[in-house]
Amino acid sequence: MRRFALISIPYLWLLALFLVPFAIVLKISLSDVALARPPYMPQFDWATGLWAFLSELDFENFVWLTQDDLYWKAYLSSLQIAFFSTLLTLLAGYPIAYGMARAPEEWRATLMMLVILPFWTSFLIRVYAWMGILSNEGFLNQALLWLGVINEPLTILNTNTAVYIGVVYTYLPFMILPIYAALERMDDSLIEAAEDLGCSRLSAFWLVTVPLSKSGIVAGCFLVFIPTLGEFVIPSLLGGSDTLMIGKVLWEEFFSNRDWPVASAVAVVLLLLLIVPIVLFQRNQQKQQEAEQ
Amino acid sequence: MTLPVFEPWNDPEAKPLIEFQNVTKRFGDFTAIDDLTIGIYEREFFALLGPSGCGKTTLMRMLAGFETPTEGKIFLSGQDIAPVPPNKRAVNMMFQSYALFPHLSIWDNIAFGLKREGQSKAEIETRVSDMLRLTRLEKFARRKPHQISGGQRQRVALARSLAKAPKLLLLDEPLGALDKKLRQDTQFELMDIQEKTGTTFVIVTHDQEEAMTVASRVAVMDNGKIIQVATPADIYEAPNSTYVADFIGDVNLIEGTVKPTGDATYALHWREGAEPLTVKTATGFSDGQTAHLAIRPEKVTISAERPDGADNAVEGKVLDIAYLGNISTYHVELPSGVVIKAQTANTRRISRRAFTWEDTVWLSWTATAGVLLAD
Ligand SMILES: Nc1ncnc2c1ncn2[C@@H]1O[C@H](COP(=O)(O)OP(=O)(O)OP(=O)(O)O)[C@@H](O)[C@H]1O
Ligand SMILES: [Mg+2]
C-alpha cells in the first residue's frame, strides 16, 4: 500500500502536467476550424452523450497540414536544422568533454563549473546577447573589421548560420555533461592495455575511448536533438524570415493566426515526431544502466 | 638421464634479455626505483617480491613503456628501449586490474592485439581458439567481460597478453584475487604455458609461496632497491640479509657476537652466561663482530630430553602451540625471555601429541642448519 502511494505520486504528476494538457490539445486539434474563439466545437454535452461528441470530432485540421506545403517543409527543415546542430554540438562538445576528463583531478570541478556557469543567466538574455554579437554592427563584425580580416561586415544575424550558432551555444552543456560523465568513468588502464597490445594513441582512441563513451554520445545527441526540433526562441530571435522551423510555425498559428485547432494539430504531429527519438533515448539509458549492473 | 640445468645467470657467456642499468625513477622528489641494476634472461620465470610500495609495479611499467626512467637505461635484447613506444615493444603486460575491454566479447578481447598486427582472419581464428583452449575458456568466447566470473576474467587477461606470443610477458599480481585452489591450478597452468611457449615471464606477487612455486629466480625488493636475486631455494636457505630472511618465510633471528673457533666455524655469544651457539659458514666473520643467526623453525628439533651430540641445544618452556593441520609450530620461551619457534610434522593425532603448554622441552639444531648474517 505504501509502495503504491509512493509510485502514484510521479504518475499523478505526469497525469496532471502532461496527459491532461495533451488530451486538451488533442481535443482542440480534432475540433472544427474556428478563429480565435474558444470554445471549440464540438463540446461534450451530458444530454447527447459521449458518442455524439466523439462522432463529431474529425481530422480536418490534420488533412489541412498536408495540403499546405508550409507545414511539411517546416517539419523537414526543423529536422535538418536539429540534425546538423546536433552534429556540430557533438563536434564541439566531445573535445571539450575529453579535455575535461583528462584534466588533472583538482581542475575538473572548476571546469565543470565553467560549463554550467551560463545557466546562471536567463536563456532569453543570452540569446539577446548573441544578437548584439552577431548583428552587422555587432562585436564580432567590429572585431573582424578592426583586425582587418574583412572589409565589409558579414551578415550573420537573421540567417540560418546564426540559428546554428545559437543552438550549438545553448545546448553545448547538454552534450558535454553526459560525454564527460562517460569519459571520466573510464579506466585509464584500458588505454594503456590497448597501447600495450599494439594500438597507436589514435587507434586506441577510436577503438576504446569512443566505443566506451558511446552511451554518453547518444545521450548528449538526444538531449540536443529533441529540444532543438521544437525550438522557437532561437530561430525567431536569431533566424531570418527564411528560417523555417516548426516551433516558429506553431507560435504563429497560435498567436498570429489564432487558429488554435490547426496549431494544436501541428503540436500533436510534432509530439509524434519526438516520440521516436525519446523512446530511443530511453532505451539507450536503460541499456546503459543494465550494463553498469 | 640428466636434464640440462637451466641457470643462464651462472653462465658468463649468456646475454640477458632484459638489462636494467643503474635505473632510477623519481616521482617528484620521491624515489620509487633507486639505482637498480639487474639482468633477466630469456625463458626465465622471474618473480618480484617485496612489501607494498617498494616499486614493483613501477619496474613493470617501465618495461612496458608507460613510465620512462629518470636516470639509467633499460635494454631489451641489447637495444635501448627508451625511444620505443609501448605499442612497438615486444612486451605484453597483464594488468593487475585485468583491464579487459568491457565493450568487446571475450573472443574480441583476445583477438584485439592480433588484429592490430594485421594478421589474416584465419590466422586470428586459430590463434584465438588456441588461447581459449589453453585457458579453458571456449564456452565463454561470446560473452562480455561482465558476464563471467573473476577467475575467468583473470584467465582472459592472461590469454589476451599471451595471444601475441610476446618475447616478454609481465604479470602484475595476476593471481591476487583467486582462492587458493584456483590460484594453485593457475600457477601450474602458467608454468605449463611458459614451458610450451618459451616466453620470458616477469611476475609480481605478494604471495611468497607463489613466487617459490613458479619462479626460476626471485628478486626481493625494498624501497626501490633489489636486496637479493637468487633461486627460490637459495633465497630460502641462504638469504643474504636479515631483511630477506625475515621477508621470506618464518625465521628465528638470534643476535650475538661472533668468535671464530676453527675452520669456518664460529661461536655466537648471544646471552650472558648462556652456552655459545656453534655455526658453520663459508662467509668470513671477524672476532667480535655482531651478527644474526637466522634459523628456520622446521630445522629446529624439539625433544623432551637434551639430545646427545647436538651442535646446539637450549632448554625452554612451551609458550604457545600453533596447530596448522599438517604441522604444528611450538613457541618456546627460553629462560632469557627469547622466544624460538620450532616446527614439527603432525604424524600423530592431535590428542596424542608429545608436548603441551608449559612443558619443559629442549630445542636443538645442527651447526649448518642456520645462516649467520652480518648486520
Ligand atoms: N604516478 C605516480 N606518482 C607519484 N608516486 C607514484 C606514482 N606511481 C607510483 N608512485 C609511488 O612509487 C612507489 C612505488 O609504487 P609501485 O606502484 O611501484 O609499488 P608496488 O611495489 O607495486 O606496490 P604494491 O605491492 O602495493 O602494488 C609508491 O610509494 C608509490 O606511491
Ligand atoms: Mg603494484
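**Figure 1. Helix 2 of chain B passes helix 3 of chain B in a right-handed crossing.** In this predicted model, helix 2 covers residues 106-116 of chain B and helix 3 covers residues 121-134 of chain B, and the axes of these two helices come within 10 Å and cross at roughly 125°. Helix 2 of chain B and helix 3 of chain B are therefore oblique to each other. On the side of helix 2 of chain B, the contact involves B:Ile106, B:Trp107, B:Ile110, B:Ala111, B:Leu114 and B:Lys115, and these meet B:Ile124, B:Glu125, B:Arg127, B:Val128, B:Met131 and B:Leu132 of helix 3 of chain B. Sorted by class, the residues of this contact comprise nine nonpolar and three charged ones, with no polar residue among them.

**Figure 2. Helix 2 of chain B packs with helix 4 of chain B, which spans residues 150-163.** The axes of these two helices are 7 Å apart, and the angle between them is about 25°. Because this angle falls under 35 degrees, helix 2 of chain B is roughly parallel to helix 4 of chain B. Helix 2 of chain B passes helix 4 of chain B in a crossing that is right-handed. Helix 2 of chain B contributes B:Ile106, B:Asn109, B:Ile110 and B:Leu114 to the contact, while helix 4 of chain B contributes B:Val156, B:Ala159, B:Arg160 and B:Ala163. Of the residues in this contact, six are nonpolar, one is polar and one is charged.

**Figure 3. Helix 4 of chain A packs with helix 13 of chain A.** Here helix 4 runs over residues 69-102 of chain A and helix 13 over residues 246-256 of chain A, and the two pack at an angle of about 140° with their axes 8 Å apart. That angle makes helix 4 of chain A oblique to helix 13 of chain A. A:Leu70, A:Tyr71, A:Ala74, A:Tyr75 and A:Ser78 of helix 4 of chain A form the contact together with A:Ile246, A:Val249 and A:Glu253 of helix 13 of chain A. The residues of this contact include six that are nonpolar, one that is polar and one that is charged.

**Figure 4. Residues of chain B surround ligand 1.** Among the surrounding residues are B:Phe27, B:Phe30, B:Ala32, B:Gly53, B:Lys56, B:Glu173 and B:His206. An N or O atom in the side chain of B:Ser52 is 2.5 Å from an oxygen atom of ligand 1, and an N or O atom in the side chain of B:Thr58 is likewise 2.5 Å from an oxygen atom of ligand 1. For B:Cys54, a backbone N or O atom lies 3.2 Å from an oxygen atom of ligand 1.

Key:
Residues are numbered from 1 along each chain as its sequence is written. Chains are lettered from A and ligands numbered from 1 in the order in which they are written. This is a predicted model: local features need pLDDT of at least 70, side-chain atom pairs count only at pLDDT 80 or more; totals for chains, interfaces and linings use all residues. Side-chain values use heavy atoms; hydrogens and water are left out. Axes are lines fitted to C-alpha atoms, for helices over the stretch in contact, and angles run from 0 to 180 degrees between N-to-C directions. Helices (H or I, at least four residues) and strands (E, at least two) are DSSP runs, numbered from the N terminus. Angles under 35 degrees count as roughly parallel, over 145 as roughly antiparallel, 65 to 115 as roughly perpendicular and the rest as oblique. A crossing is left-handed if the near helix is turned anticlockwise from the far one by less than a right angle, and right-handed if clockwise. Contact means heavy atoms within 4.5 Å. Ala, Val, Leu, Ile, Met, Phe, Trp, Tyr, Cys and Pro count as nonpolar, Asp, Glu, Lys and Arg as charged, and the others, Gly among them, as polar. A residue is near a molecule or strand if one of its heavy atoms lies within 4 Å of it. A polar contact is a pair of N or O atoms within 3.5 Å; within protein, one must be able to donate a hydrogen and the other to accept it, and residues adjacent in sequence count only if both atoms are side-chain atoms.
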